Amino acid sequence: MGRGRNSRSEPVDGLLLLNKPAGVTSNQALQRVKRLLNARKAGHTGSLDPAATGMLPLCFGEATKVCAFLLNADKTYRVTAKIGTATDTGDATGSVIDSADVPQMTADEWDSVLQEFRGESLQVPPMYSALKKDGKRLYELARKGETVEREPRPIRIDSIELLEAAGSRLVFRVRCSKGTYVRSLVEDIARAAGTVAHTARLHRETVADFGVDEMVDLNAVELSAAEGPSPLRDCLLPPDRALTGLPEVRLDAARAERFCGGQPVAAGNPDSAGLARVYGEEQVFLGVGELCGDGKVAPRRIFGRPGGNP
């Protein structure tokens, strides 16, 4: 007795793809799983609103080093919009501030409206967001009834698929770039159809190359940890699983040692450029390197050491 939680925590490395339930903040979900794992270091990527559900990558130990890469990743959402009413927050948690007739449109007509949003565009972020203006969060100003001008930001919609159009209910799946506010997208779609809307439900299905079937429900996490942290730790994914979109470079023992010491080394890819996953012997993940186009790879983030585990 008398020892704090931090003194009992242990180094734990890996990723857990949590299916975040509604009514829980991203940080609350992270802290709950961190306690169950008895992990020393943790972080999450790509916050979800408390009302939203779905994939929230939780990173522990060495895996926290991939957070930046996942923040920049594309994401897929299943969106349910309520046509005909707008709220101050843009979602179902807010107060209704406007209403309009629900357009009598066919599924094909709704699909035509959705397809107009494919590609690159500029989007104005919502007031209820964590962006800052003069050092203050926009949602803090919004709660005081203030509205300030927001600079449009570039976003990209790779695909948008109509799933259901029935009365005031519109359901679609969208794959989009980082920084896309789905609440604003729903409002813009409604505006293009001559009405108003808000996001009734938001569920994130994928982040980067992680699939729907890799998510774990919070109840399952708690059951797995009922007899201690070990069974849950066995469910963790290795850190490099978040980087499968990058090319792979393999180094022998000598080059791996120099790479982990901060030196560029020959990579055998003379014409390649950009970030890459770097492995040593026995497929030990060493970190992220940058192919320089001169046949060398320079270290950018080291995860492990040759001859050891990351």
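Helix α2 (26-37), strand β4 (75-83), helices α5 (138-143) and α6 (182-192), and strand β12 (197-207) each supply at least two residues of the lining of the largest pocket, where helices (H or I, at least four residues) and strands (E, at least two) are DSSP runs numbered from the N terminus. This is a predicted model, in which local features need pLDDT of at least 70 and side-chain atom pairs count only at pLDDT 80 or more, while totals for chains, interfaces and linings use all residues. Residues are numbered from 1 along each chain as its sequence is written, and side-chain values use heavy atoms, with hydrogens and water left out.

**The chain as a whole**

- The secondary structure of the protein chain comes to 9 helices and 18 strands, and its C-alpha atoms fill a box of roughly 70 × 60 × 40 Å along the principal axes.
- Of the 310 residues in the protein chain, 45% are buried, a term that stands for under 20% relative accessible area, with exposed meaning over 50% and partly exposed in between (1.4 Å probe, protein chains only).
- Among contacts with a separation of 6 or more, 67% join residues 24 or more positions apart, a contact being heavy atoms within 4.5 Å.

**Surface and charge**

- The protein chain exposes about 15500 Å², of which carbon and sulfur atoms supply 46%.
- There are 41 positive and 41 negative side chains, and the centres of the two sets lie 8 Å apart; Lys and Arg count as positive and Asp and Glu as negative, without His and the chain ends.

**The largest pocket**

- The largest pocket has a volume of about 1100 Å³.
- It is lined by 36 residues, and those closest to its centre are Ser-47, Asp-49, Ala-130, Tyr-181 and Arg-183.
- A pocket is an open set of points on a 1 Å grid over the protein atoms alone, where a 1.4 Å probe fits and protein lies on both sides within 12 Å along at least five of seven lines, and lining residues have an atom within 4 Å of a point.

**Individual loop residues**

- Asn-38, in the loop between α2 and β2 (42-44), has a positive phi of about 60° although it is not a glycine, and Asn-38 is buried, with a relative accessible area of 18%.
- Gly-135 lies in the loop between β8 (132-133) and β9 (136-137) and is exposed, with a relative accessible area of 59%.
- The C-alpha atoms of Gly-135 and Asp-252 are separated by 49 Å, the two residues being 117 apart along the chain.

Methods
Accessible areas come from the Shrake-Rupley method with a 1.4 Å probe; for residues, only the protein chains shown count as cover. The place of a charge is taken as NZ of Lys, CZ of Arg, CG of Asp or CD of Glu. Grid points are joined across faces, edges and corners, and a volume is the space filled by probe spheres set on the points.
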